[in-house]
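Subject: Structure handover

Dear colleague,

Here is the structure for your files. My notes on what was found in it follow below.

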Amino acid sequence: MNFNSWQFLIFLPVVVGLYWLLPHKFRWVMLLIASYFFYMSWNAWLIILLMTTTVTAYAASNLMKKTQSTKVRKALLIATLVICLGILIFFKYINFLLETAVGVIRLFNAGQDSIMLNVILPVGISFYTFQTLSYVVDVYRGDFEPEPHFGYFALYVVYFPQLVAGPIERPGALLPQLHEEHKFKAEYFTDGLKWLISGFFRKVVVADLCGIFVDKVFADLSAANSLAVSAAAFLFLIQIYNDFAGYSEIAMGSARLMGVRLTQNFNRPLSSTSFTEFFRRWHITLNVWFTEYVYIPLGGNRKGLPRKLLNTLIVFALCGIWHGANWTFVLWGVTVGVFVCLETLFRKPARRACERLHIDPENQTIRFLRQGFVIFLFTLCSVMFRSSDISQIGQAYAQMFTAWGGGAGCISSAMESLGMSVADFIQLAVGFVGMAVICRLTQEQAGQAPLPSLRDRAAAVGAPAYAMAAFGVLTIALCWIALLTNADVSGFAYFQF
């Protein structure tokens, strides 16, 4: 059941309505049943894997509490990692590993047929596995007391708004909210509608529209000139950002309707002035997860600069492979990791050079140039993320840097490769403007007072709150209708991760 489906259009209001009608002691039961139903709507048999991960983590964490033996606790942690990661690796990476092994064998001129297993990729497996492992590791460290109630723990793992594509919630952030007895507040609905409107706009108006042009170019790279491939790479960056940020915001809005506040997963990454800052703002919960559970245990920055750079590359390579079982993702991860390492190496020399030249790096013009450079570099890296294999990456870059043409012919050829008419271009421009404007709807910048809620804005203009709520519901409904009537509609990209 996708968020952008008529089934969810019915499912969400029913669940929210039941949540507020039921007494607190029955809410967790209803949410657990609804969340399992939500997940089983893709493939009922996949619930077995989800339950295996849930039971394993619950049993191990509660056994850790009952023993004082460090060896036993470590054995329980290792067993949980082996089982949960073993399930993830088998179902997501087994064919990738087999294909890589066959490729190595063929390098030595040994005949070897391809080996492929008919394995289905369970939706959201990377997300719920990482969320479950963060719980077990936090219990092992003593950072969080194990949850004694199996029902609440199962709900933490399977909570439907963020089950299949995050945000990846730490136990201390989500479990207490699931236990909390929420009293109905109008602000839950105004805040929830705010996130839902923004999320559906990102997905329906921006991401899916960009995806049409991107797919057109990558379907026939040989016919695309440099301008077309460059435009497609940039549009893919916009597409994947709005697709995933849109999902995250719909998840936040759905949860907020029931009083739960999920972690914000994106914080205006396209305004970043460095790659390091970009990844602090992009897919925040995943990057925090890798920092907490991989980078710091590896030594972080505590063992000298060379070790810090190595740890950074390892983390970004793992982040790449997390996104998919393909060498294109590994290459993407290593490449962006190299850029982050280069920033680390040159940060101090660059600062000293600015001081000598009396250049203020925070000057408005300088910041704008830095932002543009980060977007340019990430656009180049997006080619790796979008390509289906290594050869397509090479072909895309070859077209980007060699298929030059001049004048109006170049532009018309690019528009033809993109499948873009003048009307499409205007529609895309309007979507971009809307993307910038709607960001103000949800953005709460650090160190500043939060933006007024929809109800506060309604009061400011003299409009009754229920009218603004009706406007929000109508906007979401129109977005859903637009999705369902669009032949080019697609699911959320991060479901495959």
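The second largest pocket has a lining of 21 residues, and those nearest its centre are Thr273, Ser274, Glu343, Ala350 and Arg370. Please bear in mind that the model is predicted. The space in this second largest pocket comes to about 670 Å³. Three elements each supply two or more residues to its lining: helix H10 (275-281), helix H13 (327-356) and helix H14 (364-386). Of these, H13 gives the most, with eight residues. Sorted by class, the lining of the second largest pocket consists of eleven nonpolar, three polar and seven charged residues.

The structure contains five cavities of 30 Å³ or more. The volume of the largest cavity is about 70 Å³. Which elements give two or more residues to the lining of the largest cavity? They are helix H2 (24-40), helix H6 (150-158) and helix H7 (171-179). H2 gives the most to this lining, with four residues. By class, seven residues in the lining of the largest cavity are nonpolar, three are polar and one is charged.

On helix packing, I looked at H3 and H5. The axis of helix H3 (residues 47-66) comes within 9 Å of the axis of helix H5 (residues 125-141), and the two cross at roughly 5 degrees. Angles under 35 degrees count as roughly parallel, so H3 and H5 are roughly parallel to each other. On the H3 side, the contact is made by Leu49, Leu50, Thr53, Ala57, Ser61 and Met64. H5 contributes Tyr128, Thr132, Tyr135, Val136, Val139 and Tyr140 to the contact. The contact of H3 with H5 has nine nonpolar and three polar residues, and no charged ones.

Last, the salt bridges. There are twelve of them in the structure. One is formed by Glu187 and Arg256, whose closest N and O atoms are 4.0 Å apart. Glu187 belongs to helix H8 (residues 186-219) and Arg256 to helix H9 (residues 226-256), so this pair ties together parts that lie 69 residues apart in sequence.

Regards

How values were computed: Residues numbered from 1 in each chain as written. Predicted model: local features only at pLDDT ≥ 70, side-chain atom pairs only at ≥ 80, totals over all residues. Heavy atoms only, no water. 1 Å grid on protein atoms, 1.4 Å probe; cavity = no way out; pocket = protein on both sides within 12 Å on 5 of 7 lines; lining within 4 Å. Points joined across faces, edges and corners; volume = space filled by probe spheres on them. Nonpolar A, V, L, I, M, F, W, Y, C, P; charged D, E, K, R; others polar. Axes fitted to C-alpha atoms, helices over the stretch in contact; angles between N-to-C directions. Parallel < 35°, antiparallel > 145°, perpendicular 65-115°, else oblique. Contact = heavy atoms within 4.5 Å. Salt bridge = Lys/Arg side-chain N within 4 Å of Asp/Glu carboxyl O.
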